[in-house]
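Please look at how the side chains of this protein pack against one another.

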Amino acid sequence: MIITANSPDVLALKYVWDSAEKRTEGLGNGLQRRLTRSVLAPAIQGHVGELILKYQEFLTTVPNGFHSFAHGSGMRSETVRWVSVARLTGDTIEEIREEHHPLHAQGSKFTFITPSKVLAPVLWENNLKPRYRRGVNRPHFVFGKMAEQNEGKFDISLLGNHLFRYRRGDLDWATKIEIAVGDESVGAWLRERKSALAYNMFTRR
């Protein structure tokens, strides 16, 4: 199963959010819980011992190497792609709510916010590396650094945290998020991006 913002069950929850007269933190948190319990949790059931993948794509700005005294450093947009793959060891998801931590420093008050998390139990996690072929803007992905984790946790909350965030940033429109669950879906996702070699490496672990 591959879950995206355009999956039917996700679209139904997104419609509730988009059509709300007032977007509040409580509504966003409630929709995140519904997404976790009605979409994410059922997706990982029956896939213990199989692979799970999360993908995030967004735009950021980086210096372009040019500088002028009148305008400062020039900037250009750049697409960032993050891919992580893990092996599931269970089918029970752990939910951790968003927390607010007040901080006091030199007479000023700040609040540090820990975002909500949706954690799936995994044996290990691998962060893939994008590689670009000459003349091709779309990368393929290669086997990355392994992180062995005993009773590790794989956070898949990024989809709901993005869709139901009431404090929206300037580049939210540019974010693409996908979650693939199960060997078949992860293999299809990687093969579509010419990354079959990475999938073959995962099947041996």
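In this predicted model, the count of aromatic pairs comes to four. A pair of aromatic rings is described by the distance of the centres and the angle of the planes. For Y55 and W189 the ring centres are 5.1 Å apart and the planes stand at 55 degrees, so this pair is tilted. Because Y55 belongs to strand β2 (residues 51-68) and W189 to helix α4 (residues 183-192), the pair ties together parts that are 134 residues apart in sequence. Y55 is buried, with a relative accessible area of 4%, and W189 is buried as well, at 1%.

The pair of W124 and F202 has its ring centres 5.7 Å apart and its planes at 10 degrees, so it is stacked. This pair, too, links distant parts of the chain: W124 is in strand β7 (residues 117-131) and F202 in helix α5, 78 residues apart. Both W124 and F202 are buried.

Which residues of helix α5 (residues 196-203) are buried? They are A198, Y199 and F202. These residues cover an arc of only 100 degrees around the axis, which means that they lie on the same side of α5. Y199 also takes part in a contact with a charged group: R191 lies over the face of its ring, at 5.5 Å from the ring centre.

V10, L13 and W17 are the buried residues of α1. Their arc around the axis is only 65 degrees, so they are on the same side of the helix. They pack against β1 (2-4), α2 and α3. The face of α1 turned away from the buried side carries the exposed residues P8 and Y15.

How many salt bridges does a search of the whole structure find? There are eight. Within them, K176, E178, E192 and R193 are linked in a network. E178 forms a salt bridge with K176, with the closest N and O atoms 3.7 Å apart. E178 is buried at a relative accessible area of 9%, whereas K176 counts as partly exposed at 37%. E178 also forms a salt bridge with R193, where the closest N and O atoms are 3.4 Å apart. Because E178 lies in strand β9 and R193 in the loop between α4 and α5, this pair ties together parts that are 15 residues apart in sequence. R193 is buried, with a relative accessible area of 7%. R193 forms a further salt bridge with E192, the closest N and O atoms being 3.7 Å apart.

Terms used:
Residues numbered from 1 in each chain as written. Predicted model: local features only at pLDDT ≥ 70, side-chain atom pairs only at ≥ 80, totals over all residues. Heavy atoms only, no water. Buried < 20%, exposed > 50% of the residue type's maximum accessible area, 1.4 Å probe, protein only. Helix = DSSP H or I, 4+ residues; strand = E, 2+ residues; numbered from the N terminus. Arc of directions from axis to C-beta. Phe/Tyr/Trp six-rings, centres within 6.5 Å; stacked < 30°, edge-to-face > 60°. Lys NZ or Arg CZ within 6 Å of the ring centre and 35° of its normal. Contact = heavy atoms within 4.5 Å. Salt bridge = Lys/Arg side-chain N within 4 Å of Asp/Glu carboxyl O.
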